[in-house]
Amino acid sequence: MDITYPPEAEAYRAGIRAFLTDNLPADWAGMGALHGEEREEFRRAWRRILADNDLLAPSWPKEYGGGGLSHIEQVVLAEELARAGAPEGFENDSLGIKLLGNTLIVFGTEEQKSHFLPRILSGEHVWCQGYSEPEAGSDLAGMRTRAVLDGDHWVLNGQKTWTSSGTDANRMFVIARTDPGAPKHKGLSFLLLPMEQPGVEVRPIVNAAGYDAFNEVFFTDARLPKENVVGEVNGGWLVANTLLGFERGVRVTTDAIRYAGELELLTQLARERGLTKDSHIRAKLSWCHSRVQLIRYRGYRALTSFMQGARPGPDGAISKLVWSEYFQRYTELAVEILGPDALAPSGDGNGAVLVVPESGTENSSRRWVDAMLYARAATIYGGSVQIQRNIIGEQLLGLPKEPRLDSGPFEEIGRLRTA
């Protein structure tokens, strides 16, 4: 593993730092220091600045409107934006640009690329993700949403859940079952759905902290053109997993930067309350420091592997397991430091349901309680810890596979369970 960046990457970093100095306000304290309309106005203006400087879709080829950057330059850009507390675009851009856009460049037809990619960059198409279902959260291939070809259109029926930013989107990429007679991993297709039509209903889900960034989405005879299949019909499992590889990759080194900032604020909170000499609290803060360093070095290891030409593999399950359990532990420590104040939190919250609040957010009791409540789901979403441990055991350690009752045609699985 090599944790030093080549000279050309460091030269690019210097250029990005100069760009940030020239374009961020002189008194810039991070997005979290802005409020309401001020925050949204800045985000819109900043997105235009990034687009004008080819930094909105840095890894896309220039022919599709991207920045044409190398992978190492893309990582450097993400690191510097994270350190500056500047956004990489709108919330949905992480889905439209980093996930769908990169996947379309790999699997899309030329017609799909020329139609969808410019609309993603312009903001005309705002995307959300249609993966999770009530009966297929951790076992993604167990989804039951179905699409049936009717003339020139696919007709979609079913339900998705935990759809991030679904109320802000007008498009959804959906995994649906198009051949129920095939084994469950082979009868799926990756579809591009217009959401502004009868038969698509978005219902917000309010979490324990009072935020509703997640949603349920119901399809009742919703329609999409038959050419809106990415990859092969019934070959959606490969497309879906490629997209998940991009999802893991975008956080390869920025997680450690954001978690280190959070730990610094947590230590400051302990210091303000006179607890930094408490051996119990000190031991827990030390444990947090060691985990942040572990996340940091696992990110460098993944980056080194990728730069050497390896594709994302099952060892990404280790990183998911580490950060999701760390997220719960350090927010629980925050509540322990707050003591009775956690029962009546005050001040600014984290502004949304984010893994890490935006830079500049007040170091308030509400910020930490919001984060603690959101962290309850961290060991479930994005692949539960049970699934991650199965991947580690079976694919990395070579342990025997769990007995399975879901082989054979998918439509017969339910009959086997009830027999």
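Predicted model: local features only at pLDDT ≥ 70, side-chain atom pairs only at ≥ 80, totals over all residues.

Trainee: Great. How many salt bridges does a search of the whole structure find?
Mentor: The search turns up 23 salt bridges. One of them joins the side chains of glutamate 358 and arginine 39, at 3.3 Å from N to O.

Trainee: And where in the chain do those two sit?
Mentor: In distant parts, 319 residues apart. Arginine 39 belongs to helix 2 (residues 36-52), while glutamate 358 lies in the loop between helix 9 (316-338) and helix 10 (365-375).

Trainee: Are glutamate 358 and arginine 39 buried or exposed?
Mentor: Both residues are buried.

Trainee: What about the pair arginine 203 and glutamate 201?
Mentor: Their side chains meet in a salt bridge too, with 3.0 Å from N to O. Arginine 203 counts as partly exposed because its relative accessible area is 36%. Glutamate 201 is also partly exposed, at 39% relative accessibility.

Trainee: Which residue does glutamate 394 form a salt bridge with?
Mentor: Its partner is lysine 401, and the closest N and O atoms are 3.9 Å apart. Lysine 401 has 62% relative accessibility, so it counts as exposed.

Trainee: Which residues are linked in a network of salt bridges?
Mentor: That network links Glu10, Arg13, Arg17, Glu79, Glu80 and Arg83.

Trainee: Switching topic: which residues gather in the patch of negative charge on the surface?
Mentor: The patch brings together Glu37, Glu38, Glu40, Glu41, Glu91 and Asp168. Of these, Glu91 is found in the loop between helix 3 (71-84) and helix 4 (93-107). With a relative accessible area of 44%, glutamate 91 is partly exposed.

Trainee: Now cysteines. How many disulfides are there?
Mentor: The count comes to zero. For background, a disulfide is a covalent bond between the sulfur atoms of two cysteines.

Trainee: Okay, is cysteine 128 buried or exposed?
Mentor: Cysteine 128 is buried, because its relative accessible area is 0%. Cysteine 288 counts as buried as well, at 2% relative accessibility.

Trainee: Last one: where is alanine 208 found?
Mentor: Look in the loop between strand 6 (200-205) and strand 7 (214-225). Alanine 208 counts as exposed, at 67% relative accessibility.

Trainee: How far is its C-alpha atom from that of leucine 373?
Mentor: The two C-alpha atoms are separated by 6.3 Å, although alanine 208 and leucine 373 are 165 residues apart along the chain.

Note on methods:
Residues numbered from 1 in each chain as written. Heavy atoms only, no water. Patch = residues over 30% accessible without salt bridge, like charges linked within 9 Å, V, L, I, M, F, W, Y side chains within 5 Å. Areas by Shrake-Rupley, 256 points an atom, 1.4 Å probe, with all protein chains shown as cover. Salt bridge = Lys/Arg side-chain N within 4 Å of Asp/Glu carboxyl O. Lys, Arg positive; Asp, Glu negative; His and termini not counted. Charge placed at Lys NZ, Arg CZ, Asp CG, Glu CD. Helix = DSSP H or I, 4+ residues; strand = E, 2+ residues; numbered from the N terminus. Buried < 20%, exposed > 50% of the residue type's maximum accessible area, 1.4 Å probe, protein only. Disulfide = S-S within 2.5 Å.
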